[in-house]
Amino acid sequence: MSVDPVLPTPSQTLTPRIQTAVLCVGIAFLALLLRLWYLQILEGDRFFALSTSNRLRVRPVEAPRGFILDRHGEILVENRPTFDLFATPEDVVNPDEVAATLAGILRAPVAEIQARLAEGGDRPYQPLLIRKDLDEQMMVAVEERRLDLPGISLRIRPTRAYPSGGIAANLLGYVSEVNQAQLQREEFQDFRPGENLGQAGVERRFDAFIRGIDGGEQVEVDARGRALRLVSRLEPRSGSNIYLTIDKRIQEAAEAAFAGKKGTVVAMNPTTGEILAMVSRPSYDPNMFAQRLTAEEWQRIADDATHPLQNRAFQAQYPPGSVFKLMVAIAGLESGALTPETKFGCPGYFYLGNVRFDDWKKGGHGTLDLRSAIVNSCNVYFYQAGLKVGIEEMTRVARAFGLGDPPGLGLGDEAAGSLPNPQPRRRGQPGWSAGNTVVASIGQGPVVTSPMQLLSMVSAIANGGTIYRPFVVKRIAALSGEVLDEYEPEPLRHLSIKPETLAFIRQAMLGVVNEGTGFRAKVPGIPIGGKTGTAQVVRKGEGKGNAELKDHGWFVSFAPVDNPQIAVVVLVENGGFGGLVAAPVAKAVHEAAFGARSPFARQEPADIKEPEIGD
Amino acid sequence: MFDRRLLTHFDWSFVAAILGMAALGILTIYSANTMATSAFRKSLYLRQTLWAGMGMVGLIAACLVSYRTLWRFAYVIFGVSVALLVLVLVMGKTGMGAQRWIRIAGFAFQPSEFAKLGLVLFLARYFDDQRNAIRDVRGLLLPVGLSALCMLLVLKQPDLGTALLLGFITLSMLLMLGLQWRRLMPVIIGGGALAPLLWVALKDYQRRRILVFLNPDLDPLGAGYHIAQSKIAVGSGGAFGKGWLAASQSQLNFLPLNHTDFIFAVLAEQWGFLGCLVVLLTYFYLITKGFQIARDCTDLFAALLASGISTMLAIQVLINTTMVLGLMPVVGIPLPLLSYGGSSLLVTMLGMGLLLNIHMRRFMY
């Protein structure tokens, strides 16, 4: 930055140009002022009139949400048009009279209508939803009394409908208005109050695809908010349809078999990870969310101790009980601690030092080999086998099979369960003891799993050692049929387990159903492999009479044993023995899957290219 | 570094004008969002205040640094702003379908705003170094090339408005330096031939913007709507405006972006012709003051810097207001000091600080 005497000084070069620049800017500003003069002074009155008495309004035209269908195209969730009543508070010039009139038509308390109208206080130009889904009589009444109801309008809007009833409610989720808490967040800043949003399950996770794009109308309205003319309209774009991996027939069979029970049933294709059915009870009626819920109604649902909104399939966790014995067996066979010939005696009890551990069968099973121990679910055998195998090996194999980690369904928070973390004795800590191992060997104590995790585990046993990511969405397709996204099976990892080990276990599980504790799951003509489990809720003797404290009943299975196409997990909360309450549910599911008119045997319509289950 | 004597040259009325505009901006944003449906939107004026505070600090910092330091680091600062432009493309936070922001400590910074200042600094320094560059095309290759690079990076975000702005700034500074129109001819002709190519390169909605400008009825819910509503809002303000918080047209959801690109419409509706006159006069004052400072410089770098910053301010004000008044297609350029936008506010105040800096030190060299 020097001042060079030879070249002209900056001011000499720049000054004339700067002057030109200032002149140009000045002229531009003058032009602006002229334009402002035109708009504000010359045409000011006209624009003022436009802005007050005759107004331009933009009204959204809601896009219909995409359907949710099962793998064969059976509709699980669709839309139906409803007549909804709206009020634009600014135009409701006499709210008390309007509220009284509406109360009569809608057969609702005046106070409730008044409260709804008052809600729009700080947004007087926004249409406010007063009541959804008016019936014909109400609509006629509203139309007749139009003149007495300034600011009130009826609009046809799409509402969620469930032609299959409430099946798979926890999986599908529900749709409701965006709530106050959500509106505060930046991610929802473009949402209008009253706009619908998928709030749980598939509706939520895939909301971006399902919701479509709203259109709108530019409408000129008069001082009373009544539309004078439609200036223009932008058509909404429908949302995309979601094809689930669920098979409606199997789902319905599972729902029916689970009537009156609490817990969950999940069916999956063990060679692909496709979820064929998912039941979670207690459940809820998704239709109830279509109407606006009051704060009290919401609280009741949220506080319900039975957690109907929870999807127990992957969000709840329980001790696996005897199902965990499969892990002990596999760990033993792999490390060599156990062989198919390994025998232990079972007199009905087992002493570890001074502590006595009982078997569920008084009198015991006698001396058993490994297969018999699995078939008869002998606790005492596994107490001893577990000590021989060791807690580390047991846990290592369990972890390899996916226990202790969330399965990765992508439908929301997943229970991770927990596996033992044996620590040596330290100051203040008792450390891991043999007694802990004994308890863990039968799937109690520090072992906790979600039903989904056990299903993955059984599937890996069935398919020869591959863990697949479970998934529920097969395909996302636009209304035109154009496929936007297709999901393929995703093998997560292949376990390095000897094929002989898994083959042995499969055969033992076949024995469970044919001769053993799982006989209630037997279906003639279909070789089914399974394992029963009973998870204690409280220690023996404590409050056993109390129904809420009864043991949970498990049953895991797969079929057909030689070429598995379906794997099932059943968990009946507080149901008692797994073989008694859970196995029959699995039987119903297998019957539906393989029966005479089963989806497996179904002829596919020519235009839908769907893989057979097991493809 | 800090000399008592500098204080005597501190231009208080200049600073007062800047602060006054920033305050007006905060008030107008507050009023624009009174009808907003989300609590987040309603609190935006508080965020703007925070940014204004940072802007003040930046302004003072820009005054204190010696412009020898600025001169030394001009290329570095430019390099950093280009790097940030690349960074935002790679990892930027997406909002409104564009990748424009980088998040640091809860604040979102827009590198394209900082690139404006960076470009001005670069051009000022370059032409101070290369006195003869303006004379022939070869000397222009580097600055124009780098400027085009910035434009391209910004265009990729996509941000058509700021890309155009960068182009305008470069062009104005070249003209300021004495670029002759004759030299411009081949460029203009070449540009004219390239226009169809440019049309193809524009994104769908950008083309729509231009078409809608020519015929607003094409897009009644989008840009056409914007323009129609903006004119109604502005015009309905009349001579004296509707008054504080009474700008119903622009407060309602009928004028989207009312707190950002269309803030002038809110102002016009509230304060009418009188209010607009005051605001425009203040802008004019700031701009001419800036050019005055440039003219009084004995140092070429400082003169270029000052005129570059003034040009930057002038072009943005003109583009934004003509857009709001329906005289230009809708391009996303914020109105300096008034629009909601932390990075824009910060960069404008930094620029003003630099002008003050040059003004204060004009007798030191």
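Reader: How many residues lie between β22(A) and β23(A) in the hairpin that they form?

Author: In this predicted model, β22(A) and β23(A) pair in the antiparallel sense over 7 bridges, and within that pairing A:V556 stands opposite A:V569 in β23(A). The two strands form a hairpin, and the number of residues between them is 6.

Reader: In what order do the strands of the open sheet in chain A run?

Author: Strands of a sheet pair through backbone hydrogen bonds, either parallel or antiparallel. The pairing in this open sheet of 5 strands is antiparallel, and the order is β12-β11-β23-β22-β21 (chain A).

Reader: Which are the edge strands of this sheet, and by what angle are neighbouring strands turned against each other on average?

Author: An edge strand pairs on one side only, and this holds for β12 (275-281) and for β21 (529-535) of chain A. Neighbouring strands of the sheet, with direction ignored, are turned against each other on average by 5 degrees.

Reader: Why can β12(A) be called largely enclosed by the rest of the structure, and how many of its residues are buried?

Author: A residue counts as buried if 20 or more other C-beta atoms lie within 10 Å of its own. β12(A) is an edge strand and pairs on one side only, yet it is largely enclosed by the rest of the structure, because the buried residues number 7 of the 7.

Reader: Which residues point one way from β23(A), and which the other way?

Author: β23(A) is mostly covered, with 7 of its 7 residues buried, and the residues on both sides of the strand share in this burial. A:I566, A:V568, A:V570 and A:V572 point one way, and the residues that point the other way are A:A567, A:V569 and A:L571.

Reader: At about what angle to β23(A) does helix α18 of chain A run?

Author: Helix α18 (residues 451-463) of chain A lies across β11, β22 (552-559) and β23 (566-572) of chain A. Relative to β23(A), the helix runs at about 150 degrees.

Reader: Are α13(A) and α15(A) parallel or oblique to each other?

Author: The axes of α13(A) and helix α15 (residues 379-389) of chain A come within 10 Å and cross at roughly 45 degrees, in a left-handed crossing. By class, the contact has 5 nonpolar, 3 polar and 2 charged residues. Angles under 35 degrees count as roughly parallel, and the two helices are therefore oblique.

Reader: What is the handedness of the crossing of α3(A) and α4(A)?

Author: The axes of helix α3 (residues 95-106) and helix α4 (residues 110-118) of chain A come within 8 Å and cross at roughly 130 degrees, and the helices are therefore oblique to each other. The residues of their contact divide into 8 nonpolar, 1 polar and no charged. The crossing is right-handed.

Reader: Is B:K116 buried or exposed?

Author: B:K116 is found in helix α6 (residues 111-129) of chain B, and, leaving aside its neighbours within four places in sequence, it is in contact with B:L165, B:L166, B:I169, B:M312 and B:V347. Since 26 other C-beta atoms lie within 10 Å, B:K116 is buried.

Note on methods. Residues are numbered from 1 along each chain as its sequence is written. Chains are lettered from A and ligands numbered from 1 in the order in which they are written. This is a predicted model: local features need pLDDT of at least 70, side-chain atom pairs count only at pLDDT 80 or more; totals for chains, interfaces and linings use all residues. Axes are lines fitted to C-alpha atoms, for helices over the stretch in contact, and angles run from 0 to 180 degrees between N-to-C directions. Helices (H or I, at least four residues) and strands (E, at least two) are DSSP runs, numbered from the N terminus. Angles under 35 degrees count as roughly parallel, over 145 as roughly antiparallel, 65 to 115 as roughly perpendicular and the rest as oblique. A crossing is left-handed if the near helix is turned anticlockwise from the far one by less than a right angle, and right-handed if clockwise. Ala, Val, Leu, Ile, Met, Phe, Trp, Tyr, Cys and Pro count as nonpolar, Asp, Glu, Lys and Arg as charged, and the others, Gly among them, as polar. Two strands pair if DSSP finds at least two bridges between them. Two residues are in contact if their C-beta atoms, placed from the backbone, lie within 7 Å. A residue is buried if 20 or more other C-beta atoms lie within 10 Å of its own, exposed if 12 or fewer, and partly exposed in between; C-beta atoms are placed from the backbone.
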